[in-house]
Structure formats: structure tokens, C-alpha cells
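Biologist: I have a model open and want to learn how to read its features. Can we go through them one by one?

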Amino acid sequence: MPEYSSLEKIRLEKLRVLRAQGIEPYPNRAERTHTSAQAIAEFMAAEQQGRSVQATLAGRLRATRPMGKLCFAHIEDGDGRIQLLFRVNEIGPEKLEFFNRMFDLGDFLQASGTLMRTKTGEVTLLVHDFKMLAKAISPLPAAKDEQLPDGTVIRHAALEDPELRARQRYADLAVNPEVREVFRKRAAILRALREFLDERGFLEVETPILQPIYGGAAARPFITYHNELEQTMYLRISFELYLKRLLVGNLEKVYEIGRDFRNEGVSYKHNPEFTQLEFYWAYADYLQVMTLVEEMISTVAQRVLGTTRIRYGEHELDLQPPWRRLEMRQGLLDITEVDIYAHPTADSLLAALRAKGYQPPVGVTRGKLIDWMLSEFLEPTLIQPTFLYDYPRDISPLAKSKPGDPLTVERFEVYMAGFEVGNAFTELNDPLDQEARFLEMGRDYASDDAERHPMDEDYLRAMCYGMPPNGGFGMGIDRLVMLFTDKHNIREVLLFPALREEEF
């Protein structure tokens, strides 16, 4: 714990004095009868009827204005702010002096009294009694006003440093109401996604986070050890292989919303621990999934934001279906003038890229070269919602090949604002083909390659019982929240993002 500051030491002394007077600064009980919003709403209704309203409110002290024999204050709860009036006529001089001396900004308090309207028209609680609910030892960051030479006053947020805000999210939430709104919208987005899928007959399920074999994506896992079972376990990188086992068990429409863990770098759009939605739909293919996805995201936007047109940075995105559909081959050809279909090997594609003056990575698979082309050239141009479809087989080990084209699979990714939001396949359901894909991945990738896909014998066994044809989809919830809240770093939509260990 850091050394206490001089202000904190003053507050600690107040704690000591309170307890010496027999006052517990952290009592076990609160007796709140109304939130701030409920109190205001009830008062306004009662005002029309000429009756009074008694209320007991609770919240954090955000402002005080002592004025001799009275003191105005504002408290803030989960609904918003409300004004309190402490007046010597109601509480006496000793209690008024006690409030002014012992309460600090940031303290939680409870106040009981009668609701009224001041001369300025503000709904206010005329306090008859009050008590401390929790003493704040550390003062919250305060907003700062800056006066420019032309006389304009700019108010700077109470907490602006991105690193400090992410590290002390509790303080960020306490002083920045717009941050609280981001996470309320996040919760609403999750709720709307569930409602959309539930309404269409999908069943929400839960699959293991600790897995004996990781799979379903190309990523490096986090590794742990199960002492009782005496075996190495992995935090899941995807729900896919477990959800598709459920299709074998005749659960035809399943989805899961939960955490995935990928032991990879941190960036503005990736956190090692992230929230994912995946669904699998028996008897559907990737084209049907496309239609469902554009309907799902546009419906969620309408329910949460009240519109299907959203602002993201300098762009206005139109989420109203139908969305653009772009074949990957054509998109890359338009941007790079290199036709990936004309180059079925890594060496051929590498030579073609070099001939055009590009500097691609060397010693990698054809699939990784195509992935490089996508991220380097095409992805930044995909601003409006776009389904980029038909991917190379060698980076899609769980998708079905296109009929008559063994090098291409029925896969799409959803792009908006220049980054990928979701991923979908017509899922592979032939166990012999799946086994060959696992073996192929093992040959093409070195044993220490982060994207090497391990063989999952139990998954193959499940497939051997028969898996219906199906379409599957996965979407990063965090990125969707970024889009819906116009936030440009994933840390802004995570309550507690991954950060380097803090040094005290």
C-alpha cells in the first residue's frame, strides 16, 4: 500500500474521532427508501396532488456549499444526483457543524427528510436526520476548469489518463458518469443478443473453460495444471468444438456467451481475456448465417441505441440489411493486383507479391501470406458492414470446402470500421475429412507455432456418431461494444483490462 498523503491522513484522523465519539463510520445497515430518480418522480407526482413526500436517500457526497445557518449538498447514487439541504432549523447547530466538519467529498451518507422545491426550482431533500455510511479515506480525482485567453472555460474530466483510468476503474466509474453509461450499454447489448437468439429458438448453454485439449481457433492458449486429475489443462480459446458436440446430441440451435482466453499480444482491439458469442445452427450454411447475423446486429442496435445508423470516429455506419458481400479473392485482387487463385503454393504467391513490389513475410504458409495481404491492404478499406467470404482452406481447418474447389472453404468474416468483428463457417461434419485437416495442420506448423491446431480425438469420436450439416458463427462482444459506443480502444469497454503489474 502506498504511503498515505496529507489529505488522507486528515481523513484518517476524522475516522479516529468518529469512533472515539461512538459513531461507526462503516455501519452494517442502510435504510434507503428511494433512489434519487424515484424520489424526484414521486415528488413531482405528489406536487400535482398537493401532498408531501418523505424519503430516506443514500449516495456519495459530490458537492457541498456551506452558507452560514444552512448547507446545500449533492449526493450521487446509481440513478443520478439529487440536492440536499441541511438547515439549522431542522437539525440544530451542533449537527450542522458536525456535517460541515466531519463529512468530505466522496463519503457515502444517508439522509432522511421531506422533499421540496427550492426557489431555483430544483427538487431537494430538506434533511431532518443523516448518518455516515462509509468514510472515503482517499479523495476522488476532481474535475479541473481551464480558462482560455478568450475567456472560454473548458472543463477537463476528473480522470483523463487512459492508463490510470484502466488501472483504477473504480475511480473512473465514480467520477465519470459517461463511463458508467458505456457499461450500461454493454449490459444492454448482451441482453439484446440473448433475446434475439432466444426468440429464434436457440438454446443458451455453458461449456468448459478448463479443457484438456484446446481447439476451435488458431491461438496460443494459457496453460494451467489440475492437481487432483494430475494433468495439464488449458483455458479455452474457443467454444466451438464443445458446442458442435451438442449438435451430435440433437440440440439443433445452441449458443454461448462467455470468456475466451488467448495468450497473445495486447492491442487496441485485442485483450487476452475477452467475451465471445458463438452459435451453431443445424441444417444451415454460411449464407443463411450471413442473413441471420446482419439481422441480429441491426436488431440489437435498434433495441439498444434506437437506430441502425451509428457514428464511429469519422464514419457513419449503416447497419440496415442487406450488407455488402465481397469475395476475398476479388477483394484482394482489386487492392493488390495479385490473384490468389493463380498461386496455389506459398512459393508462387510469395514470388507474385514480390513482383508487385510488396515485402511479405518469408518462410510462412500460403494461408499466412493471404492473411497478411488481408490485414495489410484489404481490411483497412472495409468501413461499412461487409461480409468477406470464401477463404483459403489452409487457415480454416474446421470449414467445409466449396464444391469443386478444394483450396477454398465456405467461410466469411464480418468487417466494420476497418476491423474484423465476427467469423463464420459452413462447418465441417465429415469426420474423415476433419481428421485429415488436423493432420495437415500438424504437418504445416512447427510444434511451437501458436497457431498449430492439436488433434482432438474425442471430437472426432463425436463426429463419427453423425453430425448434421450446420453453420456456425463467432463474434467478439468487446469489439461490438466498441462500435456501439464509439470507443477506439478495447480497454475502454472492459471493466478490468489486462495490464502490466503495477509497481508500488
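Biologist: Let's begin with cysteines. Is C464 buried or exposed?

Modeller: This is a predicted model, so read every value as computed from predicted coordinates. C464 has a relative accessible area of 58%. The cut-off for exposed is over 50%, so C464 is exposed.

Biologist: And C71, buried or exposed?

Modeller: Buried means under 20%. C71 has 0% relative accessibility, so C71 counts as buried.

Biologist: How many disulfides does the count give?

Modeller: The general idea comes first. A disulfide is a covalent bond between the sulfur atoms of two cysteines. The rule asks for a pair of cysteine sulfur atoms within 2.5 Å. By this rule the count is zero.

Biologist: Next, helix packing. What describes a packed pair?

Modeller: Two packed helices are described by the angle between their axes and the distance between the axes. Take helix α6, residues 177-199, and helix α8, residues 286-305. Their axes are 9 Å apart, and the angle is about 135°. That makes α6 oblique to α8.

Biologist: What is the hand of the crossing of α6 and α8?

Modeller: It is right-handed where α6 passes α8. On the α6 side, the contact is made by K185, A188, I189, A192, L193, E195, F196, L197 and E199. On the α8 side are L292, E295, M296, T299, V300, R303, V304 and L305. By class, this contact of α6 with α8 has eleven nonpolar residues, one polar and five charged.

Biologist: α6 also packs on α14. At what angle do they cross?

Modeller: Roughly 120°. Helix α14 covers residues 477-485, and the two axes come within 10 Å. That makes α6 oblique to α14. The crossing of α6 past α14 is right-handed.

Biologist: Which residues make the contact between α6 and α14?

Modeller: From α6, they are V182, K185, R186, I189, L190 and L193. From α14, they are I477, D478, L480, V481, F484 and T485. They divide into eight nonpolar, one polar and three charged. Now compare the lists by eye.

Biologist: How do α1 and α3 pack?

Modeller: Helix α1 spans residues 6-20 and helix α3 spans residues 88-102. Their axes come within 11 Å and cross at roughly 145°. K14, V17 and L18 of α1 meet F98, R101 and M102 of α3. That contact of α1 with α3 has four nonpolar residues, no polar and two charged.

Biologist: On to the backbone. Which residues other than glycine have a positive phi?

Modeller: N250 is one of them, with phi of about 70°. N250 sits in the loop between α7 (240-248) and β12 (253-261). Its relative accessible area is 64%, so N250 is exposed. D390 is another case, with phi near 70°. D390 is in strand β17, residues 386-392. At 6% relative accessibility, D390 counts as buried.

Biologist: What is the peptide bond from P321 to P322, cis or trans?

Modeller: It is cis, with omega near 0°. P322 lies in the loop between β15 (315-318) and β16 (324-327).

Biologist: Now a single residue in context. Where is T336?

Modeller: T336 is in helix α9, residues 328-336. At 1% relative accessibility, T336 counts as buried.

Biologist: Which residues does T336 contact, leaving aside neighbours within four places in sequence?

Modeller: K356, Y358, M373 and F377. Look at M373. T336 and M373 are 37 residues apart along the chain, and their C-alpha atoms are separated by 8.0 Å.

Biologist: Last, the whole protein. How many helices and strands are there?

Modeller: There are 14 helices and 21 strands. The C-alpha atoms fill a box of roughly 90 × 65 × 50 Å along the principal axes.

Biologist: What share of the residues is buried?

Modeller: Of the 504 residues, 49% are buried.

Biologist: And what share of contacts joins residues at least 24 apart?

Modeller: Take contacts between residues at least 6 apart in sequence. Among these, 63% join residues at least 24 apart.

Notes
Residues numbered from 1 in each chain as written. Predicted model: local features only at pLDDT ≥ 70, side-chain atom pairs only at ≥ 80, totals over all residues. Heavy atoms only, no water. Axes fitted to C-alpha atoms, helices over the stretch in contact; angles between N-to-C directions. Helix = DSSP H or I, 4+ residues; strand = E, 2+ residues; numbered from the N terminus. Parallel < 35°, antiparallel > 145°, perpendicular 65-115°, else oblique. Left-handed = near helix turned anticlockwise from the far one by under 90°. Contact = heavy atoms within 4.5 Å. Nonpolar A, V, L, I, M, F, W, Y, C, P; charged D, E, K, R; others polar. Buried < 20%, exposed > 50% of the residue type's maximum accessible area, 1.4 Å probe, protein only.
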